[in-house]
Amino acid sequence: MEEIYAKFVSQKISKTRWRPVPSGSLQTAETFATGSWDNEENCVSLWSIGDFGNLDPDGGFEGDHQLLCDIRHHGDVMDLQFFDQERIVAASSTGCVTVFLHHPNNQTLSVHQQWPAAHHHSGPGSPSYSRAPCTGIVCDNPEIVTVGEDGRINLFRVDHKEAVRTIDNADSSTLHAVTFLRTPEIVTVNSIGQLKIWDFRQQGSEPCQILSLTGDRVPLHCVDRHPNQQHVVATGGQDGMLSIWDVRQGTMPVSLLKAHEAEMWEVHFHPSNPEHLFTCSEDGSLWHWDASTNGPEKSSLFHQGGRSTFLSHSISNQASVHQSLISSWLSTDPAKDRIEITSLLPSRTLSVNSLDVLGPCLVCGTDAEAIYVTRQLFS
C-alpha cells in the first residue's frame, strides 16, 4: 500500500465516485466527482487527480487533486452516480433527482435534466405532500432507478420527463440503497434489516424475494453486487457488520463478518478484482478486505494497528457445490481461511462517508472535509 493523498476542501463530503473509463481503454481513472452535505451551500464537484508520479525538488510528490468545476446543489447530496462519461446523477435530501452535464471544453457543469419531486410523503386525504430524501440511485444506461425515505422506487429513463414506472408503496420503511442484480432486477436494503429483490418485468408492487437478518432488525445502509457472480451480494449496516448473501438460496446471510465499530456507510467489491472489497464507516475507518486465496495458512491480519478481524459466523453448507465455482466470499471456512484486512487511512478521522474504487485507484470522502486518493492500491 503506497501513499494516500489528502486534500482539505472546506466542505463535508457525502459521496465520491470515479468517472468510468471508456470500455476497451487502457487509461486509468483520472477524474472523480464529489457531493457535499451539511454545508450552508452544497455542491457537486468534478476533480482531476494530479500527476503523483513526479518528485518535486524537496523529495515530495508534485500534483494535487485539482478542482475542474462545480455547481450548486440544493439540499444534501445523498447519492451520486455517473450515468456515462459526461453525465452525473445526484440524489438530494429534498427528494429531487438531477442529471448534471459536464462540458469539458470550458470545464463547467450544467443541469441537464431534473425530476423535482421524485420522492415525497403524500399528505393524508389531500394532494399535498412533503418532500422525502432520495437516498439511493443506480444507473444502467438509459435507465436510472431511485429509492427514498418514502419507501418509493422510481424507474426513470434519461430524456423522459416522467417516471417510466413507480412502485409507490414498495416498502413501509426507509429504503437506504439500491443496485442492479441484473438488468431488469434490482436489490434494495431498508431500515429494518431486509434485502429485497424486485423484477421490473413483473407488474404490481411486491418484491419477488425477501431476505433478512435474523434477530434484531438492524438497519442496512449499503449494498453492492459481486461484479462476476450476480447472486453474491454484500451489505453493511448500522452495527458495522459486513453481511455476505447468496440470493439463490435461503433467506439469511451466508456469512456475517465482524467489522466496524459504528455504521458502515458504503461497501464496494473491486469491479475487476472482486476478491477485494472495501468498506467505510462512521467510526472514521476505511478498510480493504482481501479474500484472495493464499491457502489455509493465510493468517488474519489487521494492518496499521487495528484489531484482528476474521470471519466470525458462517451459516452455509457448500459441500455439494463444486469448489471452483464458489466465490471466495461464499466458501470461507472460519476454521481454515482468514480474511486479511488493511486499514487504508493513516489515522482515525471523522466519519468516512463514501468510497469508490476503479483499477488501482481509490477515493474516499469524509466529514473532516478531506478527500483521500491513492493510485496504488495493489502495489
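Reader: Which residues in the largest nonpolar core touch the most other members?
Author: Please keep in mind that this is a predicted model. The largest nonpolar core holds 19 residues, and those that touch the most other members are Leu242, Ile244, Leu277, Trp289 and Trp329.

Reader: And which elements give two or more residues to this core?
Author: Four strands do so, namely S21 (232–237), S22 (242–246), S24 (264–269) and S26 (286–290). The largest share comes from S24, which supplies three residues.

Reader: What other core lies apart from it?
Author: Another core, of 15 residues, lies apart from the largest one, and its members include Leu195, Leu213, Val218 and Trp245. As general background, nonpolar side chains in soluble globular proteins tend to be buried together.

Reader: Let me step back to the whole chain; how many helices and strands are there?
Author: The protein chain has zero helices and 31 strands. Of its 379 residues, 54% count as buried, and its accessible surface comes to about 16400 Å², with 47% of that belonging to carbon and sulfur atoms.

Reader: What share of the contacts with a separation of 6 or more is between residues 24 or more positions apart?
Author: Such pairs account for 52% of the contacts in the protein chain with a separation of 6 or more.

Reader: Changing topic, I was looking at Ser281; where is it found?
Author: Ser281 is in strand S25, which covers residues 276–281.

Reader: Is Ser281 buried or exposed, and why?
Author: Ser281 counts as buried, because its relative accessibility is 0%, and the cut-off for buried is under 20%.

Reader: What does its side chain reach, then?
Author: The side chain of Ser281 reaches the backbone nitrogen of Asp283, at 3.0 Å. Leaving aside residues up to four places away in sequence, Ser281 also touches His260, Ala262, Glu263, Met264, Trp265, Ser351 and Val352.

Reader: How does S16 pair with S17?
Author: S16 and S17 (residues 185–190) pair in the antiparallel sense, over six bridges, and a hairpin joins S16 to S17 through two residues.

Methods. Residues are numbered from 1 along each chain as its sequence is written. This is a predicted model: local features need pLDDT of at least 70, side-chain atom pairs count only at pLDDT 80 or more; totals for chains, interfaces and linings use all residues. Side-chain values use heavy atoms; hydrogens and water are left out. Buried means under 20% relative accessible area, exposed over 50%, partly exposed in between (1.4 Å probe, protein chains only). A polar contact is a pair of N or O atoms within 3.5 Å; within protein, one must be able to donate a hydrogen and the other to accept it, and residues adjacent in sequence count only if both atoms are side-chain atoms. Contact means heavy atoms within 4.5 Å. Accessible areas come from the Shrake-Rupley method with a 1.4 Å probe; for residues, only the protein chains shown count as cover. A nonpolar core is a set of buried Ala, Val, Leu, Ile, Met, Phe, Trp, Tyr and Cys residues joined through side-chain atoms within 4.5 Å. Two strands pair if DSSP finds at least two bridges between them.
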